[in-house]
Every structure is written in structure tokens, then in C-alpha cells.
Amino acid sequence: MRQPTSIGPAEGKLGVLLPGMGAVATTTMAGVLLARKSKALPVGSLTQMGTIRLGRRTERRAPKIADLVPLASLGQLEFGGWDIFEDSALEAAEHAKVLEPRHLDEVRDELDAIRPMRGVFYPGYVKRLHGTHTKSARSKAEMVEQLRQDIRTFKRDRGCDRMVAVWCGSTEAFLVPGPVHASIAAFEEGLRKDDAAISNAQLYAWACIRERVPFANGAPNLCVDFPAVWDLARECRVPIAGKDFKTGQTLMKTILAPGFKARMLGLHGWYSTNILGNRDGEVLDDPDSFRTKEVSKLGVLEHILQPELYPELYGELVHKVRIDYYPPRGDAKEGWDNIDLFGWLGYPMQIKVNFLCRDSILAAPVVLDLALFLDLAQRAGFHGTQEWLSFYFKSPMTAPSLYPEHDLFIQLMKLKNTLRWMTGEEVISHLGTEYYD
């Protein structure tokens, strides 16, 4: 990534396309609509509420992030998306039961006007859903062309100057990269031959990148994390990011685990279980989809704790993750963690965490920030994997030779230093020796 000499202005409308217009997408849409009417605060969003220190501490310069870099404003956003159910954004939000009527009533007409385009649905990748508002095509190559036409039509009809896309759809069955993912030519041949290793999410991503629309993957699916997509993003000069929104239980792990490691406290075990009753819980009730999520969740602690460097502290850590579909809980996910740690002389201790979180409430500001930052990245001339956005993901994408950084605080430092670097401000190391000369 080269330091930009200039960043294009955030002029005109920014189209935000959300594949999967369920609880997360509609909560995001409603929240933005409410915030721009000053009916609610966009809590959790760095782009809307975060500040950034510039220069020395003695200078006391700490503008809002939105005052440092040219981000699109909430009033410039135009929402759209695809779904395999024909409910409007209002109907989907009412079904999800995340937001109370007092909030939905304030933006009822605007949400009802957002109607999903027909979604791509090959059912083998998400076995627990049965789509009724779906596209048909003779091949996956033709399906990509239909998605590309959707993007062009939306951009024209809504008068958008630029577009971004953030995957808010379901977790798909576990896939690993294969020969079809090795190059652009192999992937496009796979599209023509309906290769089974090309999933729904990959079709959306390929169509968006072909249309030069930045794309973020909010699920743990194999989507934009293989060589063919990297090559296409480089060729089309499109920024991409992923994967899997970091929201509830994993967010807590990336807060707590760095603290244990910083103090050199050992860990014998970390047992995590979740109950949730939304569509995500229903999808994850399928073992193939759960496997995709499990891989995403399990990698966090290993990378933070580095057991190869600290075998006495973390070499025998037992890490278990469970997810249970429990319909009465709806979107109000509950995560339990039992942490068995040890300290001085090996004496055991325990920590219990019971996080009664709201999945979509935590995810919505992530969707907003990713949309705005990816748009910024494209106007700055960035393309390919945007590792500086790792702050938002359970399984951050990196260059192939690098391990991902999972420590939330290091991720935040990297994000803010990237913004400083983009704008020609001094990158902050926090060394601070200059104060004591």
C-alpha cells in the first residue's frame, strides 16, 4: 500500500449494498436513518463517535475521526441489498425483533421503501434456509452477470456516485480453497462449469469486485480470502476486507486474552458456549455451517497467546466453543465463558463471564464503519486486502505470508496509525521519551 498524495473527496451519494437483508442489515439501516434524524446515537461506531490523537500529548489535538479523514456522511448513504426472502427492510426488521416499535415507527416509511433484489441461493451451502425470492440462471457465470446488472441498475436508478458492499448473509458450509480458487482464469472456468467449491458468497464478491465495488465479508465463509480474488482485486484496484464480524463472545476474548498475556498469567482452559435464537442461530444448528464458525472462533486465542513462544503458560490450553440454537432468546445472544487460569507458583484461579449481548446491536456499527472506511480506502487509491480493518473481524485477512493480529488494542493502534499515515500526520508509537529529555 502506497501513502496517498491525495484522497478523493466524498462527494455525492454512496450506495451501500448489503447481501443478506436480515437482522444485522436492517438494524444497520434503521440505526443510520435514526441517527441522521437525530433520533438516536450511533453508539459503537468509530467513524461517528471516535476521536484520534494527533501529535504530542502536550498538543492536545484529538479531533473526531470524521474530521481528520473525508468520510461520506450518513446523509449521503443509499441502502440496498439482496435477500432470498422478499420482505422489505421494515418487514425483516419487525420479524427480527431487534429494535423496538418506538424506533421502527420513526423510520417506517424509509425502511419499507428498501426492497431486496432477488438473492443468489444454491441451498447446499446453507441447508437450514429455504429461499423463496431467488434468482435462476443456467450457470454460476450467468448468476454473476445478473448480480453485476443489479449493481449497475441500482447505481443508475438511485443516482449513486460510488458503491460499497458488506456481506451480512448467513454462515455457509465449511469450504477450503481448492484448484478453482487458485487464479482468475480457474475461477471463471469454475463459474462456467458450476464448480461446487464456488459458494453463494463468492458469487456476490466476484460480481462486486468486477464492478469495482469494495467488498467486506462479515461472515466466516470462504469468500474473499483466496488467490483468485486477491488477483482480481489487484487487477480491478478494489479494496477488500474480512472476515467474520467481531461482536459478542470473540470481542470479549480479544479484550481479556491480551490482558492475561500482558501480565504473564497462564491459562489451562477456556470453555465458551452460546445460545441464540435468530436466523444465524438456526443456520449454525447445521454442523457444516457450525464448522465454518468454529474455525473462525477457535483461531483467536492461539494467535493472541502465542503458545509456541510461551509453552509454560499456554502450551496445554484447552479451548472449546459451543453454539446452541435456542429460539426463545431471539437476537439477544448469551455467551458464557469459563476461564481456568493460573498465577504465581502455578496457583489456580477462575473467571466467569456471562455476556448477555445483542448480536445485531453490536454488528450494526461494524457494518457502517466498514462501508465508510472501504469507500475511503478506494478514494485513497488502496486496493486488495485492507489489514488495517482487522479491528472489526474475528478472522482478519492478511498477506499470505503473515499471521493475523487478533489483539484488539494492537488492531486499534494499527487502524488509527493508518489514518494518521494516510493524512500525513505523525504515526504514534507511544514511546514518549521526548517528554523526559
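This is a predicted model: local features need pLDDT of at least 70, side-chain atom pairs count only at pLDDT 80 or more; totals for chains, interfaces and linings use all residues.
Colleague: What percentage of the residues in the chain is buried?

Modeller: A residue is buried under 20% relative accessible area, exposed over 50%, and partly exposed in between (1.4 Å probe, protein chains only). Of the 437 residues in the chain, 55% are buried.

Colleague: And how does the radius of gyration fit with a compact globule?

Modeller: That radius is taken over C-alpha atoms, and the globule rule is 2.2 Å times the number of residues to the power 0.38. For 437 residues the rule gives a value near 22 Å, and the chain has 22 Å, which agrees. Its C-alpha trace spans about 65 × 50 × 50 Å along the principal axes.

Colleague: Now the rings, please. How many aromatic pairs are there?

Modeller: Rings of Phe, Tyr and Trp (its six-membered ring) pair if their centres lie within 6.5 Å; planes under 30 degrees apart count as stacked, over 60 as edge-to-face and the rest as tilted. The count here comes to 10 aromatic pairs. One of them, Phe382 with Trp421, is stacked, at 6.0 Å centre to centre and 25° between the planes.

Colleague: Which parts of the chain does that pair tie together?

Modeller: Helices (H or I, at least four residues) and strands (E, at least two) are DSSP runs, numbered from the N terminus. Phe382 sits in the loop between helix H15 (359-379) and strand E11 (384-385), and Trp421 in helix H16 (residues 408-422), so the pair links parts 39 residues apart in sequence. Phe382 is buried, at 2% relative accessible area, whereas Trp421 is partly exposed, at 23%.

Colleague: Which residues form an aromatic cluster?

Modeller: Phe373, Trp388, Phe391 and Tyr392 form one.

Colleague: Where is Pro42 placed?

Modeller: Pro42 is in the loop between helix H1 (23-36) and helix H2 (46-49). Pro42 and Leu368 are 326 residues apart in sequence, yet 9.5 Å apart in space, C-alpha to C-alpha.

Terms used
Residues are numbered from 1 along each chain as its sequence is written. Side-chain values use heavy atoms; hydrogens and water are left out.
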